[in-house]
Amino acid sequence: MATVSLHSHSFLLVLFPFILILRQNLAVAGGCQLPPVIFNFGDSNSDTGGLVAGLGYSIVLPYGRSFFRRSTGRLSDGRLVIDFLCQSLNTSLLNPYLDSLVGSKFQNGANFAIVGSSTLPRYVPFALNIQIMQFLHFKSRALELASTSDPLKEMLISDSGFRNALYMIDIGQNDIADSFSKGLSYSRVVKLIPNVISEIKSAIKILYDEGGRKFWVHNTGPLGCLPQKLSMVHSKAFDKHGCLASYNAAAKLFNEGLDHMCRELRTELKEANIVYVDIYAIKYDLIANSNSYGFEKPLMACCGYGGLPYNYNVNITCGNGGSKSCEEGSRFISWDGIHYTETANAIIAMKVLSMQYSTPPTPFHFFCGG
């Protein structure tokens, strides 16, 4: 069972509901006829090592220090939300698709998410449509081997496994953030959102045409609350919690479009189960009510350089020479100025599993295999 390593009694009280919800999911998942198969598409929010495996990019300690005790390529001090969700179904953590050193260990699915990924431009590694193309190749090769006498076929996913799999999509943040970083105005960024939504819709329809029927779609978080953005943007237009108003407004418009798209697809794709998850509301609540969760300095990075107010310097980022990290067990939401700490991810996962932020409300163990 998933465990949460904490060094604070108050944190134990905060995460006790998570432990209960996780146990409830594990109890149900234990009755699954088959282990669930999961395919994930996304960016750094759910990359479990794809950037390192695919490009050899170096991500070193203190990344991974809180749970794995080594760097795994995840941009956090420990587990990501997707890791907790996998553990709630009592299945193994997802291996990156590009990791050749895991051998044939893809029985429970594969993770196509890569740090820095966006939906546009297309055909640029590792845009969403490239990830979909990788999946199509993976599926074709798996089914090809399954039809032979190759002993590896027992280790691969069958046609029914692909049909019954859960397809998770968590992408779009970089499309918005990169547009702002290129100096585009708020109105120009907003005009790009329909194209981003269109790419995600196209991806889901391709997966549906391939037989996929179960979809889990995360919206994007409050970009204007990331220490990185706050330290690099000179705007003084903050909301009441100190976040960049324009960035968050754009994220909200993207989320509204994504929600509308999911509603359209439920009508258009008659056999599909499409769950839309409001990650924005969960993450913003962590920041707005940080004290009630036991967090300190909600807009400051645990690992970085510069100290208050944001502890982020683009030239001295987490893991690089000169950067420093807070003590293990410290009460931070942000790990490196862009990504969340394992403790924050655990609470986010708890909220996701509660079904209060899902449309339609769907227990995650609904996606058990078999």
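Let's start in a loop: Phe126 sits in the stretch between β2 and α4, where helices (H or I, at least four residues) and strands (E, at least two) are DSSP runs numbered from the N terminus. A cis peptide bond, with omega about 0°, links Pro125 to Phe126. Keep in mind that this is a predicted model, in which local features need pLDDT of at least 70, side-chain atom pairs count only at pLDDT 80 or more, and totals for chains, interfaces and linings use all residues. Residues are numbered from 1 along each chain as its sequence is written, and side-chain values use heavy atoms, with hydrogens and water left out.

**Backbone details**

- The loop between β2 (109–111) and α4 (128–146) also holds Pro121, and the peptide bond from Leu120 to Pro121 is cis, with omega near 0°.
- Asn90 has a positive phi, near 60°, though this residue is not a glycine; look for Asn90 in the loop between α3 and β2.
- Lys297 has a positive phi too, near 45°, and is likewise a residue other than glycine.
- You'll find Lys297 in the loop between α10 and β6 (303–304). Its relative accessible area is 40%, so Lys297 is partly exposed (buried means under 20% relative accessible area, exposed over 50%, partly exposed in between, with a 1.4 Å probe and protein chains only).

**The largest cavity**

- There are four cavities of 30 Å³ or more in the structure. On a 1 Å grid over the protein atoms alone, a cavity is a set of points where a 1.4 Å probe fits but cannot get out, while a pocket is an open set with protein on both sides within 12 Å along at least five of seven lines; lining residues have an atom within 4 Å of a point.
- Two or more lining residues of the largest cavity come from each of α3 (81–88), β3 (166–170), α10 (279–288) and α11 (342–353), and β3 gives the most, with three.
- Sorted by class, the lining of the largest cavity has nine nonpolar, twelve polar and two charged residues (Ala, Val, Leu, Ile, Met, Phe, Trp, Tyr, Cys and Pro count as nonpolar, Asp, Glu, Lys and Arg as charged, and the others, Gly among them, as polar).

**The largest pocket**

- The largest pocket has a volume of about 610 Å³. It is lined by 25 residues, with Tyr57, Leu75, Val115, Ile338 and His339 closest to its centre.
- α6 (173–181) and α8 (227–232) are the elements that give two or more residues to the lining of the largest pocket; α6 gives the most, with four.
- The lining of the largest pocket splits into twelve nonpolar, ten polar and three charged residues.

**Helices and a pair of residues**

- α6 packs on helix α7 (residues 186–209) at an angle of about 150°, with the axes 10 Å apart (axes are lines fitted to C-alpha atoms, for helices over the stretch in contact, and angles run from 0 to 180 degrees between N-to-C directions).
- So α6 is roughly antiparallel to α7 (the term for angles over 145 degrees; under 35 is roughly parallel, 65 to 115 roughly perpendicular and the rest oblique).
- Glu264 belongs to helix α9 (residues 245–268) and is partly exposed, at 35% relative accessibility.
- Glu264 and Lys201 are 63 residues apart in sequence, and their C-alpha atoms are 9.6 Å apart in space.

How values were computed:
Grid points are joined across faces, edges and corners, and a volume is the space filled by probe spheres set on the points.
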